[in-house]
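Thanks for asking me to look this over. Here are my notes, point by point, to read alongside the model.

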Amino acid sequence: MKIGIPQALLYHYYYPFWKTYFDSLEIETIISSPTNKRIMDQGVKYSVPEMCVPIKVYLGHVLELVDKGADYIFVPRFVSIQKGQFFCPKFMGLPDIIRHSFPEMEPIMISPYIESTTDDLATSIKQYQVFEEKFGISRRDNRKALKNAESVWKSFREYSLRGYDISEAAALSMNDGHKTLKQRKSEVKERFETPEVTIGVLGYVYNIYDSVISLDILNRLKEMGVKVRTFEMIDDDVLKEQLSSIPKTLFWTFSDKLFAAGNHFYHDSEIDGIIHVTAFGCGPDSMLGKLLELDSTKHEKPFMTLRIDEHSGENHLQTRVEAFVDMLKRKKRKVKRGALA
Ligand code: SF4
């Protein structure tokens, strides 16, 4: 019995949790390939045009998993991971979107209803009862698997907080066996050494860590010698503190995390500028982006919006990013020269 996990949306935040959970239950998993042109084209073909690009892409991943022979497709319904806050409606309705686009997939979808009070998905066994019923798993084994998943996911978060990007943090926490921990740590060590500029990149994990959707923005920046900081590298308490000083926050969990991270970047002297990567047609981002953009003048910190969709062109993005980085470098040199004069 194989469960297919689409390599899209919150896969980028919860993969270490899900993989460890299923491995502990000895349930085989198939992961779809990293997004490619075929996946993107298939997703676009089967979704309604109004959808944001990450949801379109998700559909393409689901189709690939069926082609790869998955017996079930894991499509969680994310409702809330924080009291009083909710996921964007597209997450809450994800199983319905899949059902609408592919009615024949109804019997093979497994859709736990995720409603928790923290980011940690192991807080309530109720959410995972569906696996006990479907696969004849005992409550005891289910609890054990959740405990293992929680422990790996916490380690993954620790690595993120230490500045490793999501794929590095996932590999380190799961110690994937191809490389030793020491090798991986030394590979990324140079990224932590005095860069010329540091940019806070704001964007949902499923956009910025998907190299096709984001046109590989993170690696482009790294190749330009830029140190990149993202929201998941910031401690949750720091994010909460930022939000507590804002009179009215947003309604959606991950949008609020980005909002808090943006405010933190504005106050963090290490950050030279902010890039907001947003998907065309994203409702929450239309508010988030505007609010942060308006604050950039007040904080005298450059802010750039990169709006992406399935038609985005690489050359255009490269030119804009290069110009932004050059501007930050020039600004920094000028400040340095002024300080020396
Ligand atoms: S938050 Fe925006 S990008 Fe993410 S699923 Fe919702 S509409 Fe799409």
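Where does the ligand lie relative to domain 1 (2–159) and domain 2 (194–340), and why?

1. Let me start with that question, keeping in mind that this is a predicted model. The ligand lies between the two domains, because domain 1 (2–159) and domain 2 (194–340) both give residues to the shell around it.

2. Now for the shell itself. The residues surrounding the ligand are Cys52, Pro54, Ile55, Cys88, Lys90, Tyr204, Ala279, Cys282, Gly283, Pro284 and Asp285. Two elements each supply two or more of these residues: α3 (53–67) and α14 (283–299). The top contributor is α14, with three residues.

3. Eight of its residues are nonpolar, one is polar and two are charged.

4. Along the principal axes, the C-alpha atoms fill a box of roughly 75 × 45 × 40 Å.

5. Two further figures describe the packing. Buried residues make up 41% of the 341 in the protein chain. If we take contacts between residues at least 6 apart in sequence, 69% of them join residues at least 24 apart.

6. The chain is split into domain 1 (2–159) and domain 2 (194–340), and the C-alpha centres of the two lie 27 Å apart. Across the boundary, 23 residues of domain 1 are in contact with 20 residues of domain 2.

7. Which elements give two or more residues to the side of domain 1 that touches domain 2? They are α1 (11–24), α2 (37–46) and α3. Of these, α3 gives the most, with four residues. In composition, this side of domain 1 has 16 nonpolar residues, five polar and two charged.

8. One element is worth a second look when you turn the model around. Helix α3 gives two or more residues to the shell around the ligand, and α3 is also the element that gives the most to the side of domain 1 touching domain 2.

Key: Residues are numbered from 1 along each chain as its sequence is written. This is a predicted model: local features need pLDDT of at least 70, side-chain atom pairs count only at pLDDT 80 or more; totals for chains, interfaces and linings use all residues. A residue is near a molecule or strand if its C-beta atom, placed from the backbone, lies within 6 Å of it. Ala, Val, Leu, Ile, Met, Phe, Trp, Tyr, Cys and Pro count as nonpolar, Asp, Glu, Lys and Arg as charged, and the others, Gly among them, as polar. Domain bounds come from an automatic or database domain assignment. A residue is buried if 20 or more other C-beta atoms lie within 10 Å of its own, exposed if 12 or fewer, and partly exposed in between; C-beta atoms are placed from the backbone. Two residues are in contact if their C-beta atoms, placed from the backbone, lie within 7 Å.
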